[in-house]
Amino acid sequence: MVNKLVIANLRHRPLRTILSAVAIGVQVTMVLTLVGVSRGMLADVANRSKGTGADILVKPPGSSPFGFSTNFPEKIIPFLRKQKHVTVATGTLVQPIGGLDSVTGINLAEFNSLSGGFRYLEGGPFKGPYEILVDEVYSRSNKKREGDAVNILGRDWRVSGVVESGKLSRMFVQLAVLQDLTANNGKVTVGYLKLDDPANTKAVIVSLKSQLTGYPIYSMEEFVSLISINNVAMLKNFIAVIITLGVLIGFLVVFLSMYTAVLERTREIGILKALGASPMFILGVLLRETFVLAVIGSVLGILFTYGTRLLITTFVPTMSQAIVPEWWPIAAGIALTGSMLGAIYPGLKAARQDAIEALTYD
Amino acid sequence: MTDAPIIEIRDLRKAYRMGDVEVAALRGVDLSVQRGEFLSVIGPSGSGKSTLFHVLGGLTPPTSGTILINGRDLVQMGEAERTELRKTQVGFVFQKYNLLPTLSAADNIAIARYISGKHKDGDEQFDEIIRLLGLKGRLNHKPRAMSGGEQQRVAIARAIVNHPAILLADEPTGNLDTENSTAVLELMRDLNQRLGQTILMITHNPEAAQYGHRTVRMRDGRIVTV
Ligand SMILES: Nc1ncnc2c1ncn2[C@@H]1O[C@H](COP(=O)(O)OP(=O)(O)O)[C@@H](O)[C@H]1O
Ligand SMILES: [Mg+2]
């Protein structure tokens with residue numbers, strides 16, 4: 001019976017109900033999209049790292065797993081190559097070019113033997129120094145094809161080929177050229193090792209660590225497992241901010257919506273009181289209405305994330321958004337928390353309302 | 001049935017505080033009502049009739065005096081006990097019907113049963129009440145689709161569905177034309193005669209007052225003629 005009243009109340013003001021639910025939904029989408037994009041981008045990084053075919057990564061002393069701002073001497077690479085079980089060793093230089101993009105300097109021959117070689121969708125390998133290989137996604141989103149010029153690092157580069165995505169980076173130039181251009185001669189950012197048998201990974205890491213003190217050395221498995229939201233402080237904080245905003249939005253939306261509902265239902269609340277409804281009963285009706293709004297909002301919010309994903313894949317193909325069902329209950333919980341907090345004050349106001357005034361009110 | 005009055009009021013006073021001003025709405029009301037009685041209350045506007053009903057029905061606490069309903073003193077009651085009183089002992093009918101606009105007539109009656117907690121038990125009298133109402137086939141309509149007379153009959157059904165000790169009707173025919181007034185008054189008389197429902201009714205209309213067994217007049221917060 002109470003549920004009937006709750007549904008009847010919500011249906012009585014369909015526009016207010018829908019708008020409130022949509023506002024809660026937008027907030028749920030906000031959280032889920034941010035988490036989805038973070039997860040999607042990180043998963044993309046993980047996949048492209050795995051796409052190198054390397055078993056072990058070597059990074060400069062003092063660097064974090066995702067810091068690409070420090071380098072180490074290139075001459076360590078031949079030393080790595082000489083280690084037992086190591087079949088391929090190559091160094092890459094990562095040069096950020098603004099935003100989330102970076103260009104990677106590679107030794108093409110070595111990189112090919114590490115990764116099994118690029119699959120060229122257009123064109124082919126570098127023929128001259130100022131040539132660039134771009135991946136399919138970059139090519140599509142920046143409309144650059146073989147023979148086109150790409151302007152980065154203050155000069156034009158001719159696209160010598162478009163390669164299939166999934167191998168480390170979206171833009172490649174020759175290592176030596178990039179080192180020269182960025183005054184990083186003799187330096188590399190990451191060393192990639194391939195072993196005769198991945199089963200030897202542990203043993204090789206132990207032996208390397210004893211020889212290269214201070215160098216972070218990861219197995220590919222370990223490196224990929226480190227690629228998570230919790231390990232990227234900026235993302236973690238950003239998500240915390242969005243969650244706080246989410247609770248706040250839920251609070252404000254429901255506060256306003258329920259506050260007006262209580263004002264306009266003065267007489268109904270008086271009637272319920274005259275029938276013997278307790279303050280708890282009145283509060284309960286409001287809280288149930290809010291619960292229904294939050295549930296509808298959460299479902300809408302989850303559905304909206306498929307929409308934002310479509311928008312992102314259509315308009316920003318270099319970004320990817322994952323659908324993260326394990327965050328659905330969290331986002332719904334955030335919506336519910338904010339909403340319930342927002343309903344408390346209007347609910348108490350209704351519960352405390354004077355019945356006589358309400359009944360004689362015109 | 002006992003001979004003790006169902007309502008026993010002695011020197012009842014009620015003052016409303018409006019900021020710094022005290023408005024004495026009831027200034028020493030004495031009244032006894034027998035079980036099964038149909039009492040009409042008349043008197044000029046502002047004489048305290050509605051206030052008396054609001055106090056009797058537990059909508060607002062009295063200031064002083066004694067009010068026994070079924071032997072229990074209302075003056076001693078706290079908010080929770082007055083809520084319980086409204087739930088189980090009192091049924092209200094208002095001039096403006098006061099039905100819940102979003103619910104059908106049937107659900108307006110059902111929610112009163114739900115709030116009282118009596119919805120779980122079956123009720124043989126419920127069907128009798130519906131029959132007396134003469135509203136068969138209109139019960140699934142929302143209040144706004146019903147005439148004033150129909151709405152008031154639904155309000156009466158809602159008021160008595162939990163078998164209250166007393167039915168308090170505050171100008172129940174005040175908004176109705178003659179035909180509908182007669183229907184509502186006859187319905188109340190039927191409820192009084194067939195179910196033995198105790199009824200107190202405020203009215204401005206001397207003809208309507210005739211439906212009661214007895215009429216009392218209020219003036220300036222007191223009962224002046226019995
Ligand atoms: N809720 C209230 N707050 C303050 N004064 C009130 C309130 N209700 C009634 N009064 C005052 O109490 C007096 C009696 O009013 P009321 O009981 O409504 O009379 P009646 O129903 O006989 O017209 C009036 O002077 C009225 O202004
Ligand atoms: Mg009155």
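Modeller: Two strands pair if DSSP finds at least two bridges between them; strands (E, at least two residues) and helices (H or I, at least four) are DSSP runs numbered from the N terminus. The model is predicted, so local features need pLDDT of at least 70 and side-chain atom pairs pLDDT 80 or more, whereas totals for chains, interfaces and linings use all residues. Residues are numbered from 1 along each chain as written, chains are lettered from A and ligands numbered from 1 in written order, and side-chain values use heavy atoms, without hydrogens and water.

Colleague: Which strands are the edge strands of the open sheet in chain B?

Modeller: Four strands of chain B form this open sheet, with antiparallel pairing, in the order β2-β1-β4-β5. Each edge strand pairs on one side only, and these strands are β2 (21-33) and β5 (72-73).

Colleague: Is A:Asn200 buried or exposed?

Modeller: A:Asn200 lies in the loop between β11 (190-195) and α7 (201-211) of chain A. Its relative accessibility is 19%. Buried means under 20% relative accessible area, exposed over 50% and partly exposed in between (1.4 Å probe, protein chains only). Therefore A:Asn200 counts as buried.

Colleague: Which residues does A:Asn200 touch, not counting residues up to four places away in sequence?

Modeller: Contact means heavy atoms within 4.5 Å. Leaving out residues up to four places away in sequence, A:Asn200 touches A:His85 and A:Leu195.
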